[in-house]
Amino acid sequence: MDKIKEFIEDVRKEMRKVSWPDQQELVDYTIVVVVFTILLSAFIFAVDQVYSTVLEAIYQ
């Protein structure tokens, strides 16, 4: 039981050291992640379409 208490105390100490982003930073980072995800998914979609077209041409 002592080890559990010690663990929880250590977690609390470490959580106090964490540098949490403010609201504007959080919004900015969220926008960056969403835009990057959209761009990456569009790129993968484009590559998939090219491969599909090429393979369809080869197998016909």
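This note goes through the fold, the surface and the charges of a predicted model.

1. Basis. Residues are numbered from 1 along the chain as its sequence is written. In this predicted model, local features need pLDDT of at least 70 and side-chain atom pairs count only at pLDDT 80 or more, while totals for chains use all residues.

2. Overall form. The protein chain has 2 helices and 0 strands (DSSP runs of at least four residues, H or I, for helices, and of at least two, E, for strands). Its radius of gyration, taken over C-alpha atoms, is 24 Å, whereas a compact globule of 60 residues would have one near 10 Å. That globule rule is 2.2 Å times the number of residues to the power 0.38. Along the principal axes, the C-alpha atoms fill a box of roughly 70 × 35 × 10 Å.

3. Burial. How much of the protein chain counts as buried? The share is 0% of the 60 residues (buried means under 20% relative accessible area, exposed over 50%, partly exposed in between, with a 1.4 Å probe and protein chains only).

4. Salt bridge. The whole structure holds 1 salt bridge (a side-chain nitrogen of Lys or Arg within 4 Å of a carboxyl oxygen of Asp or Glu). Glu 14 and Lys 17 form a salt bridge, with 3.3 Å between the closest N and O atoms. Because Glu 14 and Lys 17 are 3 residues apart in helix H1, about one helical turn separates them. Glu 14 is partly exposed at 45% relative accessible area, and Lys 17 is exposed at 61%.

5. Helix H1. Glu 9 also lies in helix H1, which covers residues 2-17. Glu 9 is partly exposed, at 48%.

Note on methods:
Side-chain values use heavy atoms; hydrogens and water are left out.
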